[in-house]
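My notes follow the structure below.

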Amino acid sequence: MIFCKRRVCPAGQVTEFCMQLSGLKWRVKNFTPGDIYVALGEYDELCNVRIAPGESEVLIDRDPRTGTRRTARLVQVHAEITGEVEVLYV
């Protein structure tokens, strides 16, 4: 069973991907012409992952203070340039 969402993310805004189920691992693919910044759960400007144009990353949800595993349903993306982003349950 595949859980996937793909949508256009406007430049300079945080776009929420509220997924159907909670997951430990999420693959985020950047189809925009610029960098995107991704956070699992609430978006934090200081604690996020940068993904270059045309690239993808597998993000594992962990508590930044303790390193323990969590499961997230919310993936938030900040795009530098308007374009499509895909979030896929791994």
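These entries cover the sheet, then the loop residue.

Entry 1, the ground rules. The model is predicted, so I took local features only at pLDDT of at least 70 and side-chain atom pairs only at pLDDT 80 or more, while totals for chains, interfaces and linings use all residues. Residues are numbered from 1 along each chain as its sequence is written, and side-chain values use heavy atoms, with hydrogens and water left out.

I took strands as DSSP runs of E, at least two residues, numbered from the N terminus; two strands pair if DSSP finds at least two bridges between them. I found an open sheet of four strands in the order 1-8-3-6, with antiparallel pairing. Strand 1 and strand 6 (56–60) are the edges, each pairing on one side only.

I looked up its partners. Strand 1 (residues 4–9) is joined to strand 8 (residues 83–89) by six bridges, and strand 3 (residues 25–30) is joined to strand 8 by five. Val87 of strand 8 stands opposite Lys5 and is also the bridge partner of Val28. Val8 has Glu84 of strand 8 opposite.

I located Thr32 in the loop between strand 3 and strand 4 (36–40). Is Thr32 buried or exposed? Thr32 counts as buried because its relative accessibility is 4% (buried is under 20% relative accessible area, with a 1.4 Å probe and protein chains only). Beyond neighbours within four places in sequence, Thr32 is in contact (heavy atoms within 4.5 Å) with residues including Pro53, Ile81 and Glu84.

Definitions and conventions. Buried < 20%, exposed > 50% of the residue type's maximum accessible area, 1.4 Å probe, protein only.
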